[in-house]
Amino acid sequence: MRVTNVKGVQVGDSVPVNPKSNDTVGRFVEQKLKEHGHNYNDGKGIDLPDLNTENKVRKTSSKSAHTIGRMTTSDIIDTCWEDSSVRDKMLANQNRYEWTDIYCEITDNTVYDFTDPYIEEKLKEGYELGRAEIASGLCGNNTKTYGPVIWQKDKGKDQWQYRITNKGMREIKGISKQKTFKNLFELCA
């Protein structure tokens, strides 16, 4: 199912800003979507399973990598890309909200489709190369950046964040919006 808009939070809506935690806006968006009647999954898995849609909330001025999901070390080592929870999240509809702390409001609400084979190949490659590096035990708290992907270990925990660099996310979003991209490039198997 292709979702083009998720009702409940729109551009221009005011958001509560907490200078000590950017999570406040994300929790606010979750609550508003629940109040609007959406079946919101607070646990592991896709946020809006009925719509096959993952929600992401981000401050417009942020330059950090985009966190897609988390996995434990053993889950990463034991799970190939095709069976991973982060693949499910990336290939679901991506309902991405941006907000500004200057005006305390939502500035963008766009749904992206990242199912293009070229995008998935880049995400898979980064996943698998990072997975091999984590399995080797030689990477410390971060893997190398593989294309758009980097794995970062949560402090004091046995779990890693699968993240997309800011530059990588801009490229992926651009590719997903170009209807002619598939016609311009031939994927080699």
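Is E128 buried, partly exposed or exposed? In this predicted model, where local features need pLDDT of at least 70, side-chain atom pairs count only at pLDDT 80 or more, and totals for chains, interfaces and linings use all residues, E128 is partly exposed, with a relative accessible area of 23%. Residues are numbered from 1 along each chain as its sequence is written, and side-chain values use heavy atoms, with hydrogens and water left out. Buried means under 20% relative accessible area and exposed over 50%, with partly exposed in between (1.4 Å probe, protein chains only).

Let us stay with E128 for a moment. Its side chain meets that of R131 in a salt bridge, 2.8 Å from N to O; the term covers a side-chain nitrogen of Lys or Arg within 4 Å of a carboxyl oxygen of Asp or Glu. Both residues sit in helix α4 (residues 117-136), three residues apart, or about one turn of the helix. R131 is buried, at 17%. Elsewhere, salt bridges with shared partners join E54, K56 and K89 into one network.

Now follow D101, which pairs with K59 at 3.5 Å between the closest N and O atoms. Helices (H or I, at least four residues) and strands (E, at least two) are DSSP runs, numbered from the N terminus. D101 is partly exposed at 35% relative accessibility, and K59 is partly exposed at 21%.

Finally, D154 and R70 form a salt bridge, their closest N and O atoms 2.8 Å apart.
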